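Subject: Handing over a structure, with notes on what was found

Dear colleague,

I am passing the structure below on to you, together with some notes to read beside it. Please look through it before turning to the notes, which take the topics one after another.

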Amino acid sequence: MFKGQTFLIVRSCEDSEDSAELSQAKTLLQENGATIIEKEEHDNDKNYLEEEEEQQQEHDIVVNHIITKSIQFIEYGLAIKSMIPITLPNWVRDSISSGKPVNYKNYNPDPKFFFKDVFICVADNLPIGDKEAIYGGVKAFGGNYLDVLTKYTTHLIAVDITNEKSIIASSAIHTNDNDSHSHSQNNGIDIKIVLPHWIDHCITLGRKIDESAYLLPNPSILKQDKQLFLNKYSSIPEEELAHSQNYITDFFKGKSFYICQDYNVSERLINSVESLIDTHGGKVNLKFNEDLIDVYIGKFRSGDSYSKSCKSNRIVVGNLPWLYHVIVTNKWILPINSNLLHYPIPNESLLEFKNLKISITNYSGDSRAYLVKLITYLGGTFTKTLSKDNDYLISAKDEGKKHLTAKEKWLNNEGNPKIKIVNHLWLEDCFAQWKLIEFNQSKYQFFGNGQNSMESLIGRTKLDEIVLKQWNGLDNLDIDHEKDSQNVDDSMSEDEATQIEAATTKTTTTTDPEPRHRGRAAAVKAALKLHDNISDLNNFEKVKKSTKKLNAFADNWDGTPVKRSNPDADDNSDSQPSPLVKKLKTDTGSESQSEPEESSVENEEQLINHVVAIMTGCEKEISLSRSDIAKLTEAGIQVLSDFPISHTISINTLIAPKILRTEKFLRSLSMVDNVVHPQYLMDVLERLNDNEKEKDNSESINYSVLAKQVDLHQYSLAKYIPVKELNIELGYPIKHKGNGLETLLNSPNRGQVFNELNLNISANLNGGAEVISGILEDHGMTKCSIIKSSITMIQLKKCIIESTIKNDSICILIAHKSKDTKLINNFKKLNVNANANAIVVEWDWCVKSIFKGQLEPFQSYQL
């Protein structure tokens, strides 16, 4: 298991039990192929991580992992910086018992990593800035996160139980509690649904505190303090505060901080960071004053306060990850001398990196996540799997399937690799110098000495101070204003990673935004309330119609997708709406049978949604705030975050920067009349803001007036992307004439491409069979059977379903080319009956059929 890895074992001088455990770990490591180095914790004669890269490349030994029960050793600081795992000795035993290396974060010996047993997920109705900050804070203090619920989730962070993730988590927990069989299957699901204040308070107090007071749906902490967390420690339970006095330090004594508003987080989270700084002796200035502040905390390299802070020789410029880092390590280090991502990031991508596809191999854990972020911030596209379309492969050692394939198989006419293979130093230097660097320099072509990889050298590159100075004026930067719009989280690419970082929302703000005003005109408040009520009503309708689906989800918590029930079938659930939902249904008129009162007719124009849109892949172009949504709703443009279950809401517009293959994009094509560029919303909001200024905020603009000023039809994708390029993305030949997207939107076959077809779907399809079947149902599929790859021939024969195409009986399986080799072979061998043909096609057949508005011939897509 540990062949090719070098472990440093650090022994405590005083603990005999420690010595016995480490000796056992040493024996197990050696039996499993590891190289061992041993030292005492106070032995400072040699730092095994301190040698320069050139020296390490010449030596035979590079430390990959540290096993210890101590944190008092000279290599500790550099190990944290270089993301080298530090674990307790029982990690070795548990890894061998599991048959694979287990998550090392759960075995960290440092008590400051108090979230080491926590695996969180954040509800989607929290602000995006809060979600990113919560994930960053949990990770900084030793925890794990994934933005989807899994069987590993320990805590769901939410503010209510009406959001989709809370509903699913509650269903899984209750099913597990009431079903002993599912309990044994799911190993005791115990997801705690807690307020985000629990995370805040844990970080403020420096330890994991009891969750009881924060548990939804009835957190007792709200009864203690209805003005939750507005007054520093006011809402922290007294017993918890009393046990945490040792954590209060003067580490930031005498330092004044300013937190830039480009983080776009809630007041609650800002107060949380203020409390954290206050706990360690510092203070926070609410307004920027370059003469009064010592530390500037911001997300992006933009804005007047950022520029002034950079020009000051006294002010330290960093970000929230850096703040967490110095608290965890209890060591003051300047952000520019720390991790590349401990300094505000560029708010635009690098032009030279646009359209570059970059994959990673032989890096794992924090190292892998760190490289993914660098790729994303530079403007490239991270691909989890390697294909011939990739431009670069970042590799830590000269082995592995990806590395050897790129090096030896995919060659050009001259016999050289088509894909450029580099180590992580190339990517770090590109980010530090903010330019695309030639890949063939010798230091980027070193992949270890055959025994050790380059992974242990990650994180040592520093930012280039000369480059940083350019951001003060923003005049000389080569910035990509045509940002890449790939939506990583919503895509269905092949998945080999265990964790994908949440996509960072970009902003084009170049000056510090003004604080958001809490009050607006009455009409805007009414529109915002209407938008929120509709969203909550949709959530209720979704729960009401999905009881069976949620129960099935709980029964299959191991990640196996379940067969979708007919969405049109009646559900005999006895679920009743809560008083809140009843009120929402009354407010939105869904239960009212009477005609609107005459007095409300004058408001009809402002409440009718002429444009009902859904967005996908637009994160880098535009991020809508709550205020933006209110303005749009008031003007007759409703932007939904997800598909409504209620049939009273019909989507007519899809907003995307290009042709995508996301779930939202593909589903929307079955119903929308327009596909427009996100620039439409940008221009609408600009016009609405101008109107507020012109009318002194006393009059609103209705849709009929707005449509004359900002015509929706002038923002079709063909206005931003050449028709030829659109056609190629849709699967048409290069010489195709006409606009393929326009043909699709006007097709009488829209939403009926798979009409009356029964399809067999592999559970291994990217994105999940549940998502895939939902897309196909929206385009007319009658019935589907989801098939696991481990199914036997006998079971397969019972599960498959047939279809009829042009009077021919046929069995169609949609499968994954590499993951379903055995299933494909079995399916082809299976003689359904004398007249039925077995056809296996890849998912691309479905996508191209949707794009063309008709079934594509099988030949080009068969597996």
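For the first topic a convention on residue classes is needed: Ala, Val, Leu, Ile, Met, Phe, Trp, Tyr, Cys and Pro count as nonpolar, Asp, Glu, Lys and Arg count as charged, and the others, Gly among them, count as polar. By that convention the lining of the largest cavity divides into 23 nonpolar, 12 polar and 8 charged residues. Please keep in mind throughout that this is a predicted model.

The cavities

A search of the whole structure finds 8 cavities of 30 Å³ or more, and the largest of them holds about 1100 Å³ of space. This largest cavity is lined by 43 residues, of which Gly 136, Lys 139, Ala 140, Pro 321 and His 342 are the closest to its centre. Four helices, namely α3 (76-81), α5 (128-140), α13 (320-329) and α14 (365-378), each supply at least two residues of that lining, and α5 gives the most, with 8 residues.

The nonpolar cores

The largest nonpolar core has 68 residues, and those with the most contacts inside it are Ile 66, Phe 115, Ile 120, Ile 134, Trp 198 and Leu 323. Helix α13, which also supplies at least two residues of the lining of the largest cavity, gives the most to this core, with 7 residues.

The salt bridges

Side chains of opposite charge can pair when their charged atoms come close. Taking a salt bridge as a side-chain nitrogen of Lys or Arg within 4 Å of a carboxyl oxygen of Asp or Glu, the count comes to 26 salt bridges.

In one of them, Glu 75 pairs with Lys 39, the closest N and O atoms being 3.0 Å apart. This pair links distant parts of the chain, since Glu 75 is in the loop between β3 (65-68) and α3 while Lys 39 is in strand β2 (residues 35-40), 36 residues apart. Both Glu 75 and Lys 39 are buried.

Another salt bridge joins Asp 124 to Lys 165, with the closest N and O atoms again 3.0 Å apart. Asp 124 lies in the loop between β5 (119-122) and α5 and Lys 165 lies in helix α6 (residues 164-178), so this pair ties together parts that are 41 residues apart in sequence. Asp 124 counts as exposed because its relative accessibility is 52%, whereas Lys 165, at 9% relative accessibility, counts as buried.

A further salt bridge is formed by Lys 407 with Asp 398, where the closest N and O atoms are 2.8 Å apart. Lys 407 is partly exposed, with a relative accessible area of 35%, and Asp 398 is partly exposed too, with a relative accessible area of 37%. Salt bridges that share partners also join Asp 124, Lys 131, Asp 147 and Lys 165 into one network.

Helix α12

In helix α12 (residues 304-311), the buried residues are Ser 305, Tyr 306, Ser 307 and Ser 309. What covers these buried residues includes β9 (256-259), β11 (295-297), β12 (316-318) and α17 (465-470).

With best regards

Technical notes
Residues are numbered from 1 along each chain as its sequence is written. This is a predicted model: local features need pLDDT of at least 70, side-chain atom pairs count only at pLDDT 80 or more; totals for chains, interfaces and linings use all residues. Side-chain values use heavy atoms; hydrogens and water are left out. On a 1 Å grid over the protein atoms alone, a cavity is a set of points where a 1.4 Å probe fits but cannot get out, and a pocket is an open set with protein on both sides within 12 Å along at least five of seven lines; lining residues have an atom within 4 Å of a point. Grid points are joined across faces, edges and corners, and a volume is the space filled by probe spheres set on the points. A nonpolar core is a set of buried Ala, Val, Leu, Ile, Met, Phe, Trp, Tyr and Cys residues joined through side-chain atoms within 4.5 Å. Buried means under 20% relative accessible area, exposed over 50%, partly exposed in between (1.4 Å probe, protein chains only). Contact means heavy atoms within 4.5 Å.
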